[in-house]
Amino acid sequence: MSEGPCQICEQLRRELHAQQERTGLLVRGLAAVLALLDTEQIEPSMAKRRVLAIVHHRLTHLMTQTNGRTRR
């Protein structure tokens, strides 16, 4: 038995913390995209195709950020 209960618990805490950070990043990113969509629906300020491009870029960037953190 090379790893005792304390080492395993510490590893699980670190993994849980990393998952919480990724989840928080995703929630904040999605909230920002929803806020943009909500604003554009109430008071449009750009062409719909531009909004789609921005949303696509933001979601792609968000996935890159969270996937990048997953690989650490």
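Helix α1 runs for 38 residues and covers 54 Å from its first C-alpha to its last, close to the 56 Å expected at 1.5 Å a residue; the expected span here is 1.5 Å times one less than the number of residues in the helix. The model is a predicted one, so local features were taken only at pLDDT of at least 70 and side-chain atom pairs only at pLDDT 80 or more, while totals for chains, interfaces and linings use all residues. Numbering starts from 1 along each chain as its sequence is written, and side-chain values rest on heavy atoms, with hydrogens and water left out.

As for the overall make-up, the chain has two helices and zero strands. Both kinds of element are DSSP runs numbered from the N terminus (helices: H or I, at least four residues; strands: E, at least two). Of the 72 residues, 17% come out as buried, a label that stands for under 20% relative accessible area, with exposed meaning over 50% and partly exposed anything in between (1.4 Å probe, protein chains only). The chain exposes about 6200 Å², and carbon and sulfur atoms supply 60% of that area. Accessible areas come from the Shrake-Rupley method with a 1.4 Å probe; for residues, only the protein chains shown count as cover.

The buried residues of α1 are Arg22, Gly24, Leu25, Gly29, Val33, Leu36 and Glu40. Val33 and Leu36 turn up again in the largest nonpolar core, a set of five residues that also takes in Val51, Ile54 and Val55. Such a core is a set of buried Ala, Val, Leu, Ile, Met, Phe, Trp, Tyr and Cys residues joined through side-chain atoms within 4.5 Å. Helices α1 (5-42) and α2 (48-70) each put in at least two residues, with α2 giving the most, at three. Within this group, Ile54 touches Leu36 as well as Met46, not counting residues up to four places away in sequence; contact here means heavy atoms within 4.5 Å.

Elsewhere on α2 sits Thr66, which counts as buried because its relative accessibility is 4%. Leaving aside neighbours within four places in sequence, Thr66 is in contact with Arg22, Leu25 and Leu26. A polar atom of the Thr66 side chain also lies 3.2 Å from the backbone oxygen of Met63. The C-alpha atoms of Thr66 and Glu21 are 9.1 Å apart, although 45 residues separate the two along the chain. Leu25, for its part, belongs to α1 and is buried, at 12% relative accessible area. Its C-alpha atom is 8.5 Å from that of Gln65, a residue 40 places away along the chain.

Finally, the cysteines: a search of the whole structure finds zero disulfides, where a disulfide is a pair of cysteine sulfur atoms within 2.5 Å. Cys6 counts as exposed, at 66% relative accessibility, whereas Cys9 is partly exposed, at 37%.

Key. Polar contact = N/O pair within 3.5 Å; in protein donor to acceptor, adjacent residues only side chain to side chain.
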